[in-house]
Amino acid sequence: MKPKISIVVAMAKNRAIGKNGQLLWHISNDLKHFKKVTSGKCVVMGHNTYVSLPGQKALPNRRNVIISDRLDSAPEGFELATSIPKAMELVQNETEIFIMGGGMIYEQFLSKADTLYLTRVEKEFEADTYFPIINFEEWELTELEVIDDDPQVDYSYRFETWERK
Ligand SMILES: NC(=O)c1ccc[n+]([C@@H]2O[C@H](COP(=O)([O-])OP(=O)(O)OC[C@H]3O[C@@H](n4cnc5c(N)ncnc54)[C@H](OP(=O)(O)O)[C@@H]3O)[C@@H](O)[C@H]2O)c1
């Protein structure tokens, strides 16, 4: 059986997700949320997102897969797939995989995804990387948590879970 495909992303009001190879904000709560959603699971990322990880270290307590056509070999702690079909072959025995970005990878996986773990940051950010347009008609909101009192940031954000209808 094919694994369930879940996308996990934090996106601004204007769909911005990154700039200069980095995230646009530091929201500790969101990092915790990301950890809670993905711990013990398999995460799949593009080459640029791998480069953006602190120290380019694999995320602990998770199976880490990079998709890249340019890397010669898998860095320690990671597995390497040179294409999306090859990544899907690698993870075929998983029950669920978490697509963790970035823009190019989200673009190719959105139509295949079953679940979206979407952190919506209620502010516009200047960016060079965006999440693709989501047709929310195709999705049903199943979980929502609104955070409007985080002293770390001056805007609110929401943790949403969407399931494909
Ligand atoms: N806000 C969020 O939740 C979030 C999450 C993750 C990342 N980000 C941000 O997003 C930005 C990075 O996104 P990005 O779009 O630049 O890059 P990316 O999607 O992380 O990686 C793109 C690279 O992945 C490889 N790739 C993509 N599709 C492929 C395919 N079909 N076959 C083989 N290789 C493929 C290519 O690497 P090769 O050139 O090596 O082949 C490509 O250059 C950063 O700013 C990061 O901080 C934000």
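Trainee: How much space lies in the largest pocket?

Mentor: This is a predicted model. The lining of the largest pocket comes to 46 residues, and Leu23, Thr49, Ser52, Leu53 and Met100 are those nearest its centre. Elements giving two or more residues to that lining include strand 1 (4–12), helix 1 (28–38) and helix 4 (103–109). The space in the largest pocket is about 1,300 Å³.

Trainee: How do the residues of that lining divide into nonpolar, polar and charged?

Mentor: The lining of the largest pocket holds 46 residues. They divide into 20 nonpolar, 18 polar and eight charged.

Trainee: Which element supplies the largest share of the lining of the second largest pocket?

Mentor: The second largest pocket has about 220 Å³ of space. Its lining includes Asn29, Lys32, His33, Tyr117, Glu143 and Phe159. Three elements each supply at least two lining residues: strand 9 (139–147), strand 10 (157–164) and helix 1. The largest share, five residues, comes from helix 1.

Trainee: Which residue has its backbone oxygen 3.3 Å from a polar atom of the side chain of Tyr106?

Mentor: The residues that Tyr106 touches include Ile99, Met100 and Gly101. A polar atom of the Tyr106 side chain lies 3.3 Å from the backbone oxygen of Met100.

Conventions:
Residues are numbered from 1 along each chain as its sequence is written. This is a predicted model: local features need pLDDT of at least 70, side-chain atom pairs count only at pLDDT 80 or more; totals for chains, interfaces and linings use all residues. Side-chain values use heavy atoms; hydrogens and water are left out. On a 1 Å grid over the protein atoms alone, a cavity is a set of points where a 1.4 Å probe fits but cannot get out, and a pocket is an open set with protein on both sides within 12 Å along at least five of seven lines; lining residues have an atom within 4 Å of a point. Grid points are joined across faces, edges and corners, and a volume is the space filled by probe spheres set on the points. Helices (H or I, at least four residues) and strands (E, at least two) are DSSP runs, numbered from the N terminus. Ala, Val, Leu, Ile, Met, Phe, Trp, Tyr, Cys and Pro count as nonpolar, Asp, Glu, Lys and Arg as charged, and the others, Gly among them, as polar. Contact means heavy atoms within 4.5 Å. A polar contact is a pair of N or O atoms within 3.5 Å; within protein, one must be able to donate a hydrogen and the other to accept it, and residues adjacent in sequence count only if both atoms are side-chain atoms. Lists of a residue's contacts leave out its neighbours within four places in sequence.
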